[in-house]
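Below is a short briefing on one protein chain.

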Amino acid sequence: MKDEWPGVKQILKITRTRNVKNKITTRISYGITSLNGEKGCIEKINEIWRDHWKIENQLHWVRDEVFKEDKSTIRKGSSPQIMSALRNTVIYI
């Protein structure tokens, strides 16, 4: 594996369990990292992972709840990409 993916130090398996209104769900995610297994590495990986998903969740919430992107019927030609670029511009201004 080392020759195929230079820089990879660890392969991750992260198991998350949530309890929302007494309904328990478990999700398993996998990842790779160039961080080595030094002390404190697990905490750093957790921080990076959570920061990534915090940003992703906030972005997708805006795209879906504010712009109703999932309900969009724009599907022909380059129109979907153009609309996505316009939404991104509004989000990041």
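The points below go from the whole chain to single side chains.

The model is predicted. The protein holds 2 helices and 2 strands, in the order β-β-α-α from the N terminus. Its radius of gyration is 18 Å, whereas a compact globule of 93 residues would have one near 12 Å.

**Overall form**
- Along the principal axes, the C-alpha atoms occupy a box of roughly 45 × 45 × 25 Å.
- Of the 93 residues, 15% count as buried.
- Taking contacts between residues at least 6 apart in sequence, 34% connect residues at least 24 apart.

**Surface and charge**
- The accessible surface is about 8,300 Å², and carbon and sulfur atoms account for 55% of that area.
- There are 18 positive and 11 negative charges, and their mean positions lie 7 Å apart.

**Salt bridges**
- The whole structure contains 2 salt bridges, and Arg63, Glu69 and Arg87 are linked in a network of them.
- Between Glu69 and Arg63, the closest N and O atoms are 2.7 Å apart.
- Between Arg87 and Glu69, the corresponding distance is 3.1 Å.
- Arg87 belongs to helix 2 (residues 79-92) and Glu69 to the loop between helix 1 (41-66) and helix 2, so this pair ties together parts 18 residues apart in sequence.
- Glu69 is partly exposed, at 22% relative accessible area.
- Arg63 counts as buried at 10% relative accessibility, and Arg87 also counts as buried, at 10%.

Methods. Residues numbered from 1 in each chain as written. Predicted model: local features only at pLDDT ≥ 70, side-chain atom pairs only at ≥ 80, totals over all residues. Heavy atoms only, no water. Helix = DSSP H or I, 4+ residues; strand = E, 2+ residues; numbered from the N terminus. Rg over C-alpha atoms; globule rule 2.2 N^0.38 Å. Buried < 20%, exposed > 50% of the residue type's maximum accessible area, 1.4 Å probe, protein only. Contact = heavy atoms within 4.5 Å. Areas by Shrake-Rupley, 256 points an atom, 1.4 Å probe, with all protein chains shown as cover. Lys, Arg positive; Asp, Glu negative; His and termini not counted. Charge placed at Lys NZ, Arg CZ, Asp CG, Glu CD. Salt bridge = Lys/Arg side-chain N within 4 Å of Asp/Glu carboxyl O.
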